[in-house]
Amino acid sequence: MACLLVINPNTSASVSELLQRHLQTQAGDALQVQAVTARFGAPYIACEASYAVAQHATLDAWAATHAHGGRPDAVLIGCFGDPGLFALRTGAGVPVSGLAEASFLSAAKHGRFAIVTGGEAWRPMLERLAWSLGYSPSLAGIHTVAPTGAQLASDPQGARALLAEACREAALRFDAQAVILGGAGLAGMAADIAPGVPVPLIDSVSAGAVWAVDAIRSATPQPVTRAFGVAWQNVSWELEALG
């Protein structure tokens with residue numbers, strides 16, 4: 001069976017467990033999901049500094065999996081923001097995406113889309129990512145709620161009410177043809193909120209599962225190589241071995 005490696009670039013094992021459960025449910029028998037947790041960094045990524053460290057943590061998690069015999073058929077970065085996406089894509093030798101890119105791909109099929117997520121600090125980071133991936137023309141707007149994704153996940157009932165209103169507002173204010181509910185910790189909430197939103201509501205984790213199944217089906221096998229061509233110093237031995 002094909003294997004999807006999900007890298008959680010924060011240090012919260014509970015988020016990894018949530019991702020594995022939801023992604024495996026979405027993928028069914030199409031693939032086996034293996035989730036790994038960052039070995040260092042922040043328990044939740046909510047600012048530029050934690051995002052920068054998470055990029056290193058993503059590469060480190062890939063290197064550790066690779067060093068211990070892991071050879072997945074695709075990699076999904078389990079963070080709505082995709083830290084390390086471009087770097088990992090250059091050296092992994094398998095299809096790589098993240099929750100944000102997968103969501104952009106799904107939402108753009110409906111037309112211009114809006115994003116709803118937790119934490120104001122994410123706005124410029126997501127705008128930058130959308131631009132880097134070529135989705136700026138499709139991004140109608142970003143609506144952030146004050147609580148971070150971690151805070152939202154800790155109060156699911158309160159989060160659903162807050163996010164439902166935010167998604168409705170985003171759809172109307174930005175005249176969007178779809179809305180993305182972004183965040184690993186918000187997996188599954190979109191299904192409860194969707195009936196009250198006037199446009200299609202994209203669950204970022206579900207979008208990641210759809211991307212993974214499609215990517216693995218259409219992937220062309222790549223040879224294993226010395227991935228990154230960098231003479232690193234003072235990093236993990238696994239990452240140094242991939243230099």
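The model is predicted: local features need pLDDT of at least 70, side-chain atom pairs count only at pLDDT 80 or more, and totals for chains, interfaces and linings use all residues. Residues are numbered from 1 along each chain as its sequence is written, and side-chain values use heavy atoms, with hydrogens and water left out.

**Nonpolar cores**
- The largest nonpolar core holds 62 residues. A nonpolar core is a set of buried Ala, Val, Leu, Ile, Met, Phe, Trp, Tyr and Cys residues joined through side-chain atoms within 4.5 Å. Buried means under 20% relative accessible area, with a 1.4 Å probe and protein chains only.
- L4, W62, L88, F104, F113 and I115 have the most contacts inside this core.
- Helix α9 (residues 204-218) gives the most to the core, with eight residues. Helices are DSSP runs of H or I, at least four residues, and strands are runs of E, at least two, numbered from the N terminus.
- Another core, of 23 residues, lies apart from the largest one and includes A140, A159, A170 and A171.

**Strands around β7**
- Strand β7 (residues 178-181) is covered on both faces. A178 and I180 are buried on one side, V179 and L181 on the other.
- β7 pairs in the parallel sense with strand β5 (residues 113-118), over four bridges. Two strands pair if DSSP finds at least two bridges between them.
- I115 has I180 as its bridge partner in β7.
- Beyond its neighbours within four places in sequence, I115 is in contact with F80, F104, L126, L139, G141, I142, H143 and I180. Contact means heavy atoms within 4.5 Å.
- β7 also pairs in the parallel sense with strand β8 (residues 201-203), over three bridges. There, V179 has L201 as its bridge partner.

**Cavities**
- There are two cavities of 30 Å³ or more. A cavity is a set of points on a 1 Å grid over the protein atoms alone where a 1.4 Å probe fits but cannot get out; lining residues have an atom within 4 Å of a point.
- The largest cavity has a volume of about 130 Å³. Volume is the space filled by probe spheres set on the points, which are joined across faces, edges and corners.
- Of its 16 lining residues, Y44, F80, W122, G183 and A184 are the closest to the centre.

**C79**
- C79 sits in the loop between β3 (74-77) and α3 (85-91).
- C79 counts as buried because its relative accessibility is 8%.
- Setting aside residues up to four places away in sequence, C79 touches P9, I45, L99, A100 and W122.
- N8 is 71 residues from C79 in sequence, yet 6.5 Å away in space, C-alpha to C-alpha.

Notes
Buried < 20%, exposed > 50% of the residue type's maximum accessible area, 1.4 Å probe, protein only. 1 Å grid on protein atoms, 1.4 Å probe; cavity = no way out; pocket = protein on both sides within 12 Å on 5 of 7 lines; lining within 4 Å.
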